[in-house]
Amino acid sequence: LFNFPGAQAGVWTSSGSWVGVSGVSAPGGNRPPARDDHTRIGSITKTFTVMLLLQLVDQKLVSLEDPISTYIPGLPNGETATLRMLASMTSGIPPYTGSQRLQADYFSNPLAVFTPQQLLSYIKGQDPIFPAGTRVAYSNSNTVALGMVIEQRTGKPIAELLQQQISTPLGLGQTSFPGTSNALPSPHFEGVTIQGDPSDTLKNATDWNPAWTFTAGAMVSTLDDLRRWAVALGTGEGLVSPEMQKQRVASMISNVPPNAPARTYALGFGVTNGWIGHTGELPGFNTSIQYDPGTRSTVVVMVNSDIPAPGPDGRPINPAPTTADELI
């Protein structure tokens with residue numbers, strides 16, 4: 001079904017654990033994926049970013065009811081979209097990744113470094129996609145803007161905050177935010193994609209710079225670190241106050257369309273049939289983390305390809321979340 005060089009998956013339950021690998025860690029290589037392989041985790045980065053934001057709320061440095069215009073002027077819906085709406089993807093702020101200019105600028109030079117201000121400049125002057133708070137629409141602009149707010153209010157770079165407030169307390173020694181670097185720690189997956197120029201040709205995207213995703217998608221991690229993070233994301237333990245954890249749990253029930261009991265985008269994480277988690281995709285990489293609070297079970301999948309396959313209904317499906325669904 002899928003065309004990828006290799007994959008690694010782990011399942012942890014109260015009765016035991018299993019880790020399985022398939023294929024190779026690099027296209028054309030012969031080394032199978034290993035537990036210490038680093039991978040680009042794409043949008044799973046959003047779960048870290050929003051957790052940092054909630055810690056700032058606990059510290060009373062920001063309020064979830066602050067409009068984003070308090071910190072960043074000129075965004076569509078800036079006066080009406082609150083930080084809570086950005087964290088739950090209900091802001092109506094259009095995604096900069098939908099900009100044909102951004103795509104042309106990035107794919108013409110995948111090693112380019114973009115600043116967060118540059119990323120949001122692609123959508124300034126655009127119309128909102130809907131009135132703030134009325135719908136859910138996934139937008140990388142939301143989490144880039146939240147990353148800028150976090151740096152602005154703390155005066156510290158995201159990499160340092162993640163290290164101090166999340167990675168060190170949780171023991172995530174192999175998880176990092178690369179800033180403007182395209183380097184991957186060794187050992188690591190090498191990933192393939194058909195995105196970029198010329199389109200639909202296979203390319204090795206390992207060294208493409210993730211700076212174009214900033215706090216929406218640039219982070220790096222490993223299988224075991226992602227397992228620990230999935231549990232922390234699901235419980236909030238040791239990261240936020242009991243009061244904030246109540247807000248996180250309450251956000252799992254939302255009547256903002258198209259949220260539904262079976263599938264909701266909550267405060268910086270997704271909920272699917274009770275499983276809490278997120279998926280991540282960057283050119284060359286696809287990842288999924290899932291945690292079930294009821295059974296305390298965790299599933300992590302890492303794939304070194306973002307090449308989708310046609311689903312049963314003809315719509316494209318991605319390798320990591322599809323594999324995670326099979327394991328769940």
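Tutor: This is a predicted model, and in it E1 and E11 pair in the antiparallel sense over 6 bridges. As a general idea, strands of a sheet pair through backbone hydrogen bonds, either parallel or antiparallel.

Student: How many bridges join E10 to E11?

Tutor: There are 7 bridges joining E10 to E11, and these two strands run antiparallel as well. Within this pairing, threonine 287 has methionine 302 in E11 as its bridge partner. E10 and E11 form a hairpin with 4 residues between them, and in the turn arginine 296 has a positive phi of about 55 degrees.

Student: Are the residues of E11 buried or exposed?

Tutor: E11 is mostly covered, since 7 of its 7 residues are buried. Both of its faces are covered, with Ser297, Val299, Val301 and Val303 buried on one side, and Thr298, Val300 and Met302 buried on the other.

Student: In what order do the strands of the open sheet lie?

Tutor: The open sheet is formed by 7 strands in the order E2-E1-E11-E10-E9-E8-E7, with antiparallel pairing. Strand E2 (16-23) and strand E7 (263-265) are the edge strands, each of which pairs on one side only. On average, neighbouring strands of this sheet are turned by 15 degrees against each other, direction ignored. Helix H7 packs on the sheet, touching E1, E2, E9, E10 and E11, and its direction makes about 45 degrees with that of E10. Helix H9 (residues 319-327) also packs on the sheet, and its direction makes about 145 degrees with that of E11.

Student: Now for a helix: why does the distance between the ends of H6 agree with its number of residues?

Tutor: At 1.5 Å a residue, the 13 residues of helix H6 (residues 158-170) should span 18 Å, and because its end C-alpha atoms are 17 Å apart, the two values agree.

Student: Which residues of H6 are buried, and what covers them?

Tutor: The general idea is that an α-helix has 3.6 residues a turn, so residues three or four places apart point the same way. In H6 the buried residues are Ile158, Leu161, Leu162, Gln165, Ile166 and Ser167. Their cover includes helix H1 (45-58), helix H5 (140-154) and helix H7 (223-235). Just after H6, glycine 171 takes a positive phi of about 75 degrees.

Methods. Residues numbered from 1 in each chain as written. Predicted model: local features only at pLDDT ≥ 70, side-chain atom pairs only at ≥ 80, totals over all residues. Heavy atoms only, no water. Expected span 1.5 Å × (residues − 1). Buried < 20%, exposed > 50% of the residue type's maximum accessible area, 1.4 Å probe, protein only. Contact = heavy atoms within 4.5 Å. Pairing = 2+ DSSP bridges. Axes fitted to C-alpha atoms, helices over the stretch in contact; angles between N-to-C directions.
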